[in-house]
Amino acid sequence: IWSTVPAGPPDPILGITEAFKADKDPRKINLGVGAYRDGHGKPYVLSCVKKAEQIMENEVEDKEYLPITGLPEFIKHATLLAYGSRCIPLNEGRIAATQTISGTGALRIGAAFMARHYPHPKVIYLPNPTWGNHIPIFRDSGFEVRKYSYIDPTTNLLNFEALKTDLRSAPEHSVVLLHACAHNPTGVDPTLEQWGDISTICQERRLFPFFDMAYQGFASGSTTRDAFPPRYFAEQGHQVALCQSFAKNMGLYGERVGTFSLVTSDPEEKARVESQLKIIIRPMYSNPPSHGAHIVNTILKRDDLYSQWEGEVKAMADRIITMREDLYNILTKDLKTPGEWGHIKSQIGMFSFTGLKKEHTVALAEKAHVYMTADGRISMAGLNPSNIAYFAESVNSAVRG
Ligand code: LMR
């Protein structure tokens, strides 16, 4: 039956992990997938998560089904974290929200909802480049995917003039995907002032802002600072859509916990929107898994765990910033590697868009057992004091050819 099914290519990000696992060299480094590693290169379970699970053993968890849109208390705390306590639509009870299977699930449910109910052509503008999975998520949901300029490949900095030009020429009512913070893959975010300009353009052109916030707290170490863009847009009266993930900021990668939310006009409209979210979710996976939502809820609702979590997110963000400085120093001062490397320090969040070309990434994998995505993105969290010198030397050799 399946003899004509063609073999598909490996996933550009998760496929790297498969190649890494197959490599037997002890010096190997995986900088492909964006998953935090501690200073010894090990996966890291946050202490606040361990404590929450202990509390849950006694307090919370049965293994019953959650409602179709998830754990109500989790949604309340999660949307408060995203939008902030001063958010008028939140306080007026007009943000429709559902628990989702992490950020990808949020994007997919959001895209499915928009495809079914957005009363305009289904055209979405994604930044160029963007997280690779954005493209099939929206395409498979029935959107026409277009791109807007984002980074200048010669400098690895934001090309804001080109970005503005592209958004200004997008047809009215197009959807625009915006990375709330720690843009993936580039690590380059607009400044606060530039966010103001983007908001104005969206208003003038009636563009629909669809935020992907996968790294709240992870970029700057402050959950408030990182949530500025969607909060600001909501304050300016945009009816934003927002995808939220707890994979990175709580280290809950495999728990698959997130939210999708939409600002609506009033509580009655919110109820109608939520009823349609249920109609999309029920035949897809019925209802979301409960364990991760209970963990997040336990952390967010308790002052002691919440402040412990804030400290732990900041520590993760700070470790990454230290790695950026160390890598910059080794490349420029110790090895005098040809090229301009300042962007390694100025970029923010989990990733650095190194500027390495595909041929460099191939050489690094084959000769040095160092794995990264073909666009030259590295997960900074994969670097630590034991492997950073080897990584920098490998980059130096690859660049020098
Ligand atoms: C990444 O970009 O590496 C992460 O968001 C993980 C993923 O699912 O691709």
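Ser-286 is located in the loop that runs between helix H11 (267-285) and helix H12 (291-301). Although Ser-286 is not a glycine, its phi is positive, at about 70°. The residue counts as exposed because it has 10 C-beta neighbours inside 10 Å, and the cut-off for exposure is 12 or fewer. These values come from a predicted model, in which the protein chain has a mean pLDDT of 96 and 100% of its residues reach 70 or more. For the complex, the predictor gives an ipTM of 0.92 and a pTM of 0.96.

A positive phi is also found at Lys-336, near 50°, again in a residue other than glycine. Lys-336 belongs to the loop between helix H13 (303-334) and helix H14 (342-346). Lys-336 counts as exposed because 8 C-beta neighbours lie inside 10 Å.

H8 comprises residues 192-204, 13 residues in total, and spans 19 Å from its first C-alpha to its last, close to the 18 Å expected at 1.5 Å a residue. Within H8, the residues Ile-198, Ser-199 and Cys-202 are buried. They lie on the same side of H8 because they cover an arc of only 100° around the axis. Their packing partners are strand S7 (175-179), strand S8 (208-213) and helix H10 (228-235). On the face of H8 turned away from this buried side are the exposed residues Glu-193, Thr-200 and Glu-204. After H8 comes Arg-206, with a positive phi near 55°.

Arg-168, in helix H7 (residues 160-168), touches Ile-201 and Arg-205 when residues up to four places away in sequence are left out. Is Arg-168 buried or exposed? Arg-168 counts as exposed, because it has 12 C-beta neighbours inside 10 Å, and the limit for exposure is 12 or fewer. Between Arg-168 and Gly-105 there are 30 Å in space, C-alpha to C-alpha, and a separation of 63 residues in sequence.

Helix H3 (residues 72-83) has twelve residues, and its reach of 16 Å from first C-alpha to last is close to the 16 Å expected at 1.5 Å a residue. The buried residues of H3 are Phe-74, Ile-75, Ala-78, Thr-79, Leu-81, Ala-82 and Tyr-83. H3 is followed by Gly-84, which has a positive phi near 90°.

Cis peptide bonds are the next topic. Pro-129 lies in the loop between strand S3 (123-128) and helix H6 (134-140). Another cis peptide bond joins Asn-184 and Pro-185, with omega about 20°. Pro-185 is in the loop between S7 and H8.

Conventions
Residues are numbered from 1 along each chain as its sequence is written. This is a predicted model: local features need pLDDT of at least 70, side-chain atom pairs count only at pLDDT 80 or more; totals for chains, interfaces and linings use all residues. Helices (H or I, at least four residues) and strands (E, at least two) are DSSP runs, numbered from the N terminus. The expected span of a helix is 1.5 Å times one less than its number of residues. A residue is buried if 20 or more other C-beta atoms lie within 10 Å of its own, exposed if 12 or fewer, and partly exposed in between; C-beta atoms are placed from the backbone. The arc is that of the directions from the helix axis to the C-beta atoms. Two residues are in contact if their C-beta atoms, placed from the backbone, lie within 7 Å. pLDDT is the predictor's confidence in each residue, from 0 to 100.
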